[in-house]
Amino acid sequence: MTAQTIDGKAHADGLGARISGAIPSFREQTGRPPGLAVVLVGTDPASEVYVSSKGRMARKLGMASFEHILPEATTQQQLLDLIAQLNADDSVDGILVQLPLPAHLDSLPVIEAIDPAKDVDGLHPSSAGRLVSGLPGLVSCTPLGCLMLLRSQLGNLSGLDAVVVGRSILVGKPMAQLLLAENCTVSMAHSRTRDLPGKIRQADIVVAAAGQAEMIKGDWIKPGATVIDVGTSRIVRDGRKTLVGDVEFASACGVAGAITPVPGGVGPMTIMCLMHNTLLAACRRKALAEPRLW
Ligand SMILES: Nc1nc(=O)c2c([nH]1)NC[C@@H]1CN(c3ccc(C(=O)N[C@@H](CCC(=O)O)C(=O)O)cc3)C=[N+]21
């Protein structure tokens, strides 16, 4: 069996077209475009690339992008002051603070300072609590993108066995909650899990978000399972730098029913879901009808 490759880029392009299609009506009703503020502290090259691609995508879809690049030496108070200013700015609908922050800064108080109505990353404890409680809110971009891919691949997920590998606040925990809300039977695996291959072998759906390059092997996967690979690790293979996921793609392809590639799978969906959340936050802030985007 050769797994079907799930084309995240194509799905993201489709979602992007629906988002940009909804923006003229938002502009007509409010006199301005939806606005996204992205905050980056320091000069990590990978983070700079993500931040600029988020800004570029926002502008491409017809949104306003406000990029705040702060020096490494920024203090906690300066960062909190910027968040307060963005909270108060009516032209800003979404605020994203790129993580990880430099070691001298404490990310949780910064995230808690973001107005939950503008929390397009879904990281505020209010957003996390609303997700658990089944209340409308903003859902983290990566798990939301994974859910969109799973729904389009499998349709109804009810009753399926799902394993989420990784328990981060940004991906693993919200992913498990979303799958639970879809009526999956959800297991969460992590670094202390006993017999990880055995747990994964039971799953119809595997979401790999552990951040360990190619740790999940093809023979750990149930034949025909759907595999969503969230990992992005840069490794050197045969003397060349390559980007790989948490799943060993070549061996998994021989067993899985469908699998997301890295790159071109979850990554493009993450960025487009940020745009999705920004438009949603903008409509809710202005009490406008929410467009159906997926
Ligand atoms: N507050 C916060 N929210 C985030 O959502 C967040 C963050 N911090 N910090 C860093 C991670 C990482 N992340 C990615 C987004 C897109 C791709 C992506 O589009 N990747 C391309 C490949 C890009 C390449 O070649 O490097 C792909 O998979 O096809 C990857 C990774 C969001 N993150």
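Mentor: A residue is called buried if 20 or more other C-beta atoms lie within 10 Å of its own, exposed if 12 or fewer, and partly exposed in between, with the C-beta atoms placed from the backbone. This is a predicted model, in which local features need pLDDT of at least 70 and side-chain atom pairs count only at pLDDT 80 or more, while totals for chains, interfaces and linings use all residues. Residues are numbered from 1 along each chain as its sequence is written.

Trainee: Is T232 buried, partly exposed or exposed, and why?

Mentor: UniProt, in an unreviewed entry, places the feature "binding site" at G166, R167, S168 and T232; UniProt positions are given in the numbering used here, feature names are shortened, and annotations may be inferred rather than shown by experiment. T232 lies in the loop between β8 (226–229) and β9 (233–237), where helices (H or I, at least four residues) and strands (E, at least two) are DSSP runs numbered from the N terminus. Because 18 other C-beta atoms lie within 10 Å of T232, the class is partly exposed.

Trainee: Which residues does S168 contact, leaving aside its neighbours within four places in sequence?

Mentor: S168 sits in the loop between β5 (161–165) and α7 (172–181), and it counts as partly exposed because it has 16 C-beta neighbours inside 10 Å. Two residues are in contact if their C-beta atoms, placed from the backbone, lie within 7 Å. With neighbours up to four places away set aside, the contacts of S168 are K173 and A209.

Trainee: Is D238 buried or exposed, and why?

Mentor: D238 is found in the loop between β9 and β10 (240–244), and its phi is positive, about 50°, although it is not a glycine. E214, in the loop between β7 (205–208) and β8, also has a positive phi, near 50°, but E214 counts as buried because it has 21 C-beta neighbours inside 10 Å. Because D238 has 5 C-beta neighbours inside 10 Å, it counts as exposed.
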